Amino acid sequence: MNRILTRKVPSKAERYFSTGVSMITSRGTKGPNIMAAEWVIQISYNPILIAIFIQSGSQTLKNIEKTKEFGVNVASTDQTTAINVAGGYSGSEIDKLKIKNVFKIIKSRKIKTVMISGCTINAECKLVRKEKIGDHIMLVGKVVYIKHNDVKSPLIYHKGRYFSLNSMIVQDRKEIIVSKETLEFFTRLSCGRFVLKCTGVLVKFRHKIMVIKWSTTGFETIPFITSQTGKNQRDLLIKFLNKTGLDIQVNTEPIMKRLILRNKNKIQRINFVLFSGKSKKLSQAATWKSIHMDVIANSI
Ligand SMILES: Cc1cc2nc3c(=O)[nH]c(=O)nc-3n(C[C@H](O)[C@H](O)[C@H](O)COP(=O)(O)O)c2cc1C
């Protein structure tokens, strides 16, 4: 019986998921085996755990239940034929790994199951959990050895067809050219983080914007705080404003500004969560600055 016929043909919406494709290697009474699997995902960093979802009745499932180990070989763009063979026949029908010129077998380091050469990732796994979930069986493997190949690119599976990753999406951030001092001010705050996360309040009056002077640097910006993980950003901002002596009513609906500050070839990414605010009276802690003069305020 051809397994591919027994696995449900996905409906239209289900075909719109995009995944990678792996080749799951295993061994059993019939010898070493290989199957194609799209439902393969890393689910923990420490320890590294990989979950694979296998239909009952497959030779691979029988093998893994017996030996308690398996190989995850994440396919590269050169391996569509191998995937079609691994996914189109069952090990109960044919010894797939013996078919000429399809799979290049390599030895494992920590398990007895063989692995496949030419993949983007090879992960040797020991079975730590098995659970029936819906109409598939989830097998969770603890990775005992893993390696990757920088040169190969991963095979993508979408709508029953194979694709490659051919272009990186440039993220939608507004780039602002700033002075060296402005860039240095925000870069220092980022403490080496890729993206600096800030929460600020915009108080506008005619063509002016409220700014405060930072006592540490003498630098002028809108009132803002750097975000703290897990804390309510608006509450923190209000606390900061109160402490600074600013009497500002902070709105409840923020906007998000994703910026790249640039000075020559140096940049700092910033995510600004911005609330609009109203000031009842101007405190001594703040001054008004013309919006036209402040490139950052102008862009937000
Ligand atoms: C691209 C592709 C992805 C597949 N993904 C899965 C999967 O995630 N889980 C699964 O049980 N079967 C999946 N299959 C089907 C199995 O690879 C197929 O049933 C195979 O014949 C099982 O082999 P075995 O009986 O030797 O284990 C996939 C097939 C293809 C072609």
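Me: Which domains does the domain assignment of the protein chain give, and how far apart do their C-alpha centres lie?
Reply: This is a predicted model. The distance between the C-alpha centres of domain 1 and domain 2 is 49 Å.

Me: Which element gives the most residues to the shell around the ligand?
Reply: Four elements, β3 (31-37), β5 (49-55), α2 (59-67) and α3 (80-88), each supply at least two residues of this shell. The one that gives the most, with 4 residues, is β3.

Me: Which ligand atom is 2.9 Å from a polar backbone atom of Glu 38?
Reply: Polar contacts pair N or O atoms within 3.5 Å. Asn 33 has a side-chain N or O atom 2.8 Å from an oxygen atom of the ligand. Ala 36 has a backbone N or O atom 2.7 Å from a ligand oxygen atom. For Glu 38, the ligand atom at 2.9 Å is a nitrogen.

Me: What percentage of the area that the ligand exposes alone does the protein bury?
Reply: Taken alone, the ligand exposes 650 Å². The part of that area buried by the protein is 97%.

Me: How many of the residues in the shell around the ligand are charged?
Reply: There are 25 residues around the ligand, and Ala 36, Gln 55, Thr 60, Ser 90 and Gly 91 come nearest. By type, the shell has 12 nonpolar and 9 polar residues. The number of charged residues is 4.

Notes: Residues are numbered from 1 along each chain as its sequence is written. This is a predicted model: local features need pLDDT of at least 70, side-chain atom pairs count only at pLDDT 80 or more; totals for chains, interfaces and linings use all residues. Side-chain values use heavy atoms; hydrogens and water are left out. A residue is near a molecule or strand if one of its heavy atoms lies within 4 Å of it. A polar contact is a pair of N or O atoms within 3.5 Å; within protein, one must be able to donate a hydrogen and the other to accept it, and residues adjacent in sequence count only if both atoms are side-chain atoms. Accessible areas come from the Shrake-Rupley method with a 1.4 Å probe; for residues, only the protein chains shown count as cover. Ala, Val, Leu, Ile, Met, Phe, Trp, Tyr, Cys and Pro count as nonpolar, Asp, Glu, Lys and Arg as charged, and the others, Gly among them, as polar. Domain bounds come from an automatic or database domain assignment.
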